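Hello,

Here is the structure we talked about handing over. Please open it first, then read my notes below.

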Amino acid sequence: MSDTQARPAADIRNTIESGRTAIGIELGSTRIKAVLTGPGHEAIAVGTHDWENQFVDRVWTYSQEAIWSGLQACFASLAADVRNRYGTELRTTGALGVSAMMHGYLAFGADGELLTPFRTWRNTNTGDASEALSELFGYNIPHRWSIAHLYQAVLNGEEHLASINHLTTLAGYVHWKLTGRQVLGVGDASGVFPIDIATGGYDTRRLSQFDELAAGRLPLKLAELLPAVLPAGEPAGTLTEAGARLLDPSGTLQPGVVLCPPEGDAGTGMVATNSVARRTGNVSAGTSIFAMIVLDGELSRVHPEIDLVTTPAGDLVAMVHCNNGASELNAWAGLFAEFTTALGVEADSGKIFETLFRSALSGAPDGGGLMAFNNLSGEPITKLHEGRPLFFRTPGSALSLASFMRTQLYAALATLRIGMDVLQKSESVQLDRMFAHGGLFKTEGVAQSLLAAAINTPVSVGNLAAEGGAWGIAVLAAFVRDRANGQPLDDFLTTSVFADAALDTVSPDPADVAGFNEFMQRYVSALPIQQAAVDNS
């Protein structure tokens, strides 16, 4: 990744006007982000739009209006950044990619109408379907997977199924409207239905099993409902005139741009941290928190805590996905921000976060008898169907800011640790390197050190994921544009993207490891308190 600061603005303007760029757009849980990259994969312009899910009729969702108004606002922000920095318009690009939060359920009729509001990954109301399909397939089917949502609708006898013509993910939906093609990248598709690693497509045996299970209750066979699957590097259509106007109603952006296969945020996180090779892994921490470990081979048995998905190239990945990440931390930071305002002290949110996070480093290694649960939504790993954020402490504990913040950070990592124990202890999965990225790791050395303690593994951060998943999908778009002679994705990343990347690696501190272990013993023992809160409030 080359440094844009060393390049004259006129050179970058020529790069933009000649289309020697790539655009990546990612629809995250709280922000839509767009990145324009240059020939060296450096970010040369950025656009953003903040948004938030809604809890409507006990379903977490985003409206179609919010999707498209958000995408248009984000692209307009990107175009304005180009205009302000380089004095030119964003009329074209060499390649484009779309990614979004994985999983969930978008079901459409034959005329393209959305049949039911978008059901996001955050919903945990598919337990009966998840359990039945996991048993039928001999394969863990998490609550948030698209097939679980579909089968739960079958079990519920939902009326919309009589009209269903196809289903997809959020990234697949946006890609379809931009190109007219109903496709998914294999990484995103692996959160829809199990993938056969040998063929790179949906597992045909399990497709047949599902068709037998749902016989007479769906108008089409499952294979006819699902998007086609493509690996990284394959062209996945071109931007149509209608698609260009959806992104840019001003009419400036021109059609004809090639698109890469749409991917999920887990896949773009792997790309953004150069973690697509075997025995590499990454932890992404934002609204949710998850770890992705690229495996040498199959696991010995099914584990309900572990999803089996793939890299964007189609290699097998063990995924530990936790629905709840940094949202509760954000809420507490907001409370402290209100307090500073009430005191008449001016402090921006970045300074408040940094101060709070840094205080955690001097907290008691085990949290000092404090306990927190960060569950705003249900958490399948701990079998919690709804969320109830909690903070409590033992009578003899000392309530200090440092131990409070350490406990809140520990709570954000606790369910991840439960899943990682399955991989590291039960399956003896080996890691050569683990990268971390996402908002939780912005304060240098804090969450990174505590994660290293939580999983007892060195953790690296660096300039690999400066712009996150939006940059990752821009790299995948460039891979379609630049790929030569069937170059593998991991080789492309190592030789063309990350050759000069700098890393900061933190090894686990033995005192923190012991402290986190003590915290986890109390955390697991206290899980019934969480369930009691759900049952009684």
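**A residue between two helices**

Val345 is partly exposed, with a relative accessible area of 42%. This residue sits in the loop between helix H11 (327-342) and helix H12 (349-360). Together with Phe339 and Leu343, Val345 makes a nonpolar surface patch of about 300 Å².

Please keep in mind that this is a predicted model.

**The open sheet**

There is an open sheet of five strands. Its order is S3-S2-S1-S6-S13, and the pairing is mixed. S3 and strand S13 (263-264) are the edge strands, and each pairs on one side only. As background, strands of a sheet pair through backbone hydrogen bonds, either parallel or antiparallel. For S1 and strand S6 (residues 96-100), the sense is parallel, over five bridges. Within that pairing, Gly24 has Gly97 in S6 as its bridge partner.

**Helix H2**

Helix H2 covers residues 64-86, which is 23 residues. At 1.5 Å a residue it should span 33 Å, and its end C-alpha atoms are 33 Å apart, so the two agree.

Several H2 residues are buried, among them Ile67, Trp68, Leu71, Phe75 and Tyr86. Asp81 is also on the buried list, as are Gly70 and Cys74.

What do the buried residues of H2 pack against? Three strands are involved: strand S1 (22-27), strand S2 (31-37) and strand S3 (43-50). The helices are H1 (9-17), H5 (170-179) and H9 (241-247). S1, S2 and S3 also belong to the open sheet described above.

**Helix H5**

H5 is one of the helices that the buried residues of H2 pack against. Is H5 enclosed or open to the outside? Nine of its 10 residues are buried, so H5 is largely enclosed by the rest of the structure. Those buried residues include Leu170, Tyr173, His175 and Trp176. Gly172 and Thr179 are buried as well.

H5 is followed by Gly180. Its phi is positive, near 85 degrees.

**Salt bridges**

How many salt bridges does a search of the whole structure find? The search finds 17. In general, side chains of opposite charge can pair when their charged atoms come close. Here are some of them.

- Glu158 and Arg119: the closest N and O atoms are 2.7 Å apart. This pair links distant parts of the chain, 39 residues apart. Glu158 is in the loop between helix H4 (146-156) and strand S8 (166-168). Arg119 is in the loop between strand S7 (106-108) and helix H3 (127-137). Glu158 is partly exposed at 21% relative accessible area, whereas Arg119 is buried at 14%.
- Glu241 and Arg245: their side chains meet in a salt bridge of 2.7 Å, N to O. Both are in helix H9, and because they are four residues apart, about one helical turn separates them. Glu241 is partly exposed, with a relative accessible area of 44%. Arg245 is partly exposed too, at 23%.
- Asp432 and Arg279: the closest N and O atoms are 3.1 Å apart. Asp432 lies in the loop between helix H13 (401-426) and strand S20 (433-437), and Arg279 in the loop between helix H10 (265-272) and strand S14 (280-285), so the pair ties together parts that are 153 residues apart in sequence. Asp432 is exposed, with a relative accessible area of 51%. Arg279 counts as partly exposed, at 26% relative accessibility.
- Arg58, Glu386 and Arg388: these residues are linked in a network of salt bridges.

**A buried residue in a loop**

Thr382 is found in the loop between strand S18 (370-373) and strand S19 (390-393). Is Thr382 buried or exposed? Its relative accessible area is 17%, under the 20% cut-off, so Thr382 is buried.

Which residues does Thr382 contact, leaving aside its neighbours within four places in sequence? They are Thr415, Ile418 and Leu527. For scale, take Thr382 and Glu26. These two are 356 residues apart in sequence, and 29 Å apart in space, C-alpha to C-alpha.

Best wishes

Notes:
Residues numbered from 1 in each chain as written. Predicted model: local features only at pLDDT ≥ 70, side-chain atom pairs only at ≥ 80, totals over all residues. Heavy atoms only, no water. Expected span 1.5 Å × (residues − 1). Buried < 20%, exposed > 50% of the residue type's maximum accessible area, 1.4 Å probe, protein only. Contact = heavy atoms within 4.5 Å. Patch = residues over 30% accessible without salt bridge, like charges linked within 9 Å, V, L, I, M, F, W, Y side chains within 5 Å. Areas by Shrake-Rupley, 256 points an atom, 1.4 Å probe, with all protein chains shown as cover. Salt bridge = Lys/Arg side-chain N within 4 Å of Asp/Glu carboxyl O. Pairing = 2+ DSSP bridges.
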